[in-house]
Amino acid sequence: MLRIQITTGASQPIYRQIVDQVRHAVAAGKVRVGDAMPSVRALATDLVVNPNTIAKAYSALVRDGVIESQQGRGYFIAEPRLIYTHKERKRRLGEVMNPFLAEAISLGFEPQQIIDEVEKRLRKTFSSPEAAPKPKDSAS
């Protein structure tokens, strides 16, 4: 069961918090292909946010191939697939790594400490036997 929590007043927009939590749940195998997402209205009510915020998050997840919309049925976790080219995936990874590294360095971490923490997180994320399988490359 996917449980989404938001932090109001955080520097990260609410829709982005939702997108990141769904992506993490998929990567960690906490949800499976075909699992239903809460409806836009139900999740908006549960999180006490505007339904447009949920719709924006779901739209981003559909665009990135994480979930799919089934007309009249709702949103479901999609079969993993790579929808971006290798070059675009690297560009997107760089986009999130730059602020991460800047923050880590400004907090005084040494390069090896950063690597150790990243490795620890990767092991934790993929330690579940249900961890998401590697997506099929449909974009190269």
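**Exercise 1. Placing Q17**

In which helix does Q17 lie? Decide also whether Q17 is buried or exposed, and list what Q17 touches.

Solution. The model is predicted.
Step 1. Look for Q17 in the helices: Q17 belongs to helix α1.
Step 2. Take the relative accessible area of Q17, which is 6%. Buried means under 20%, so Q17 is buried at 6%.
Step 3. Set aside residues up to four places away in sequence; Q17 then touches Q5, I6, T7, A10 and Q12.

**Exercise 2. The chain as a whole**

Describe the secondary structure, the extent and the burial of the chain.

Solution. 
Step 1. Count the elements: the chain has 5 helices and 4 strands.
Step 2. Take the box along the principal axes; the C-alpha atoms fill roughly 50 × 40 × 30 Å.
Step 3. Of the 140 residues in the chain, 26% are buried.
Step 4. Consider contacts between residues at least 6 apart in sequence: 53% of these join residues at least 24 apart.

**Exercise 3. Helix α1 against helix α3**

Describe how α1 and α3 pack, and name the residues that make the contact.

Solution. 
Step 1. Two packed helices are described by the angle between their axes and the distance between the axes.
Step 2. Helix α1 covers residues 14-27 and helix α3 residues 51-63; their axes come within 8 Å and cross at roughly 45°. The angle therefore makes α1 oblique to α3.
Step 3. The crossing of α1 past α3 is right-handed.
Step 4. From α1, the contact uses I14, Y15, I18, V19, V22 and R23; from α3, it uses T53, I54, K56, A57, A60 and L61.
Step 5. Sorted by class, the residues of this contact are 9 nonpolar, 1 polar and 2 charged.

**Exercise 4. Helix α2 against helix α3**

Solution. 
Step 1. The crossing of α2 past α3 is right-handed.
Step 2. On the α2 side are V40, L43, A44 and L47, which meet P51, I54, A55 and Y58 on the α3 side.

**Exercise 5. I54 and the nonpolar core**

Which residues have the most contacts inside the largest nonpolar core, and what is I54 in contact with?

Solution. 
Step 1. The largest nonpolar core has 22 residues, and those with the most contacts inside it are I18, V22, L47, I54 and I67.
Step 2. Helices α1, α2 and α3 are the elements that give two or more residues to this core.
Step 3. Leave aside the neighbours of I54 within four places in sequence; I54 is then in contact with I18, V40, L43, A44, L47 and V49.

How values were computed: Residues are numbered from 1 along each chain as its sequence is written. This is a predicted model: local features need pLDDT of at least 70, side-chain atom pairs count only at pLDDT 80 or more; totals for chains, interfaces and linings use all residues. Side-chain values use heavy atoms; hydrogens and water are left out. Axes are lines fitted to C-alpha atoms, for helices over the stretch in contact, and angles run from 0 to 180 degrees between N-to-C directions. Angles under 35 degrees count as roughly parallel, over 145 as roughly antiparallel, 65 to 115 as roughly perpendicular and the rest as oblique. A crossing is left-handed if the near helix is turned anticlockwise from the far one by less than a right angle, and right-handed if clockwise. Contact means heavy atoms within 4.5 Å. Ala, Val, Leu, Ile, Met, Phe, Trp, Tyr, Cys and Pro count as nonpolar, Asp, Glu, Lys and Arg as charged, and the others, Gly among them, as polar. A nonpolar core is a set of buried Ala, Val, Leu, Ile, Met, Phe, Trp, Tyr and Cys residues joined through side-chain atoms within 4.5 Å. Buried means under 20% relative accessible area, exposed over 50%, partly exposed in between (1.4 Å probe, protein chains only).
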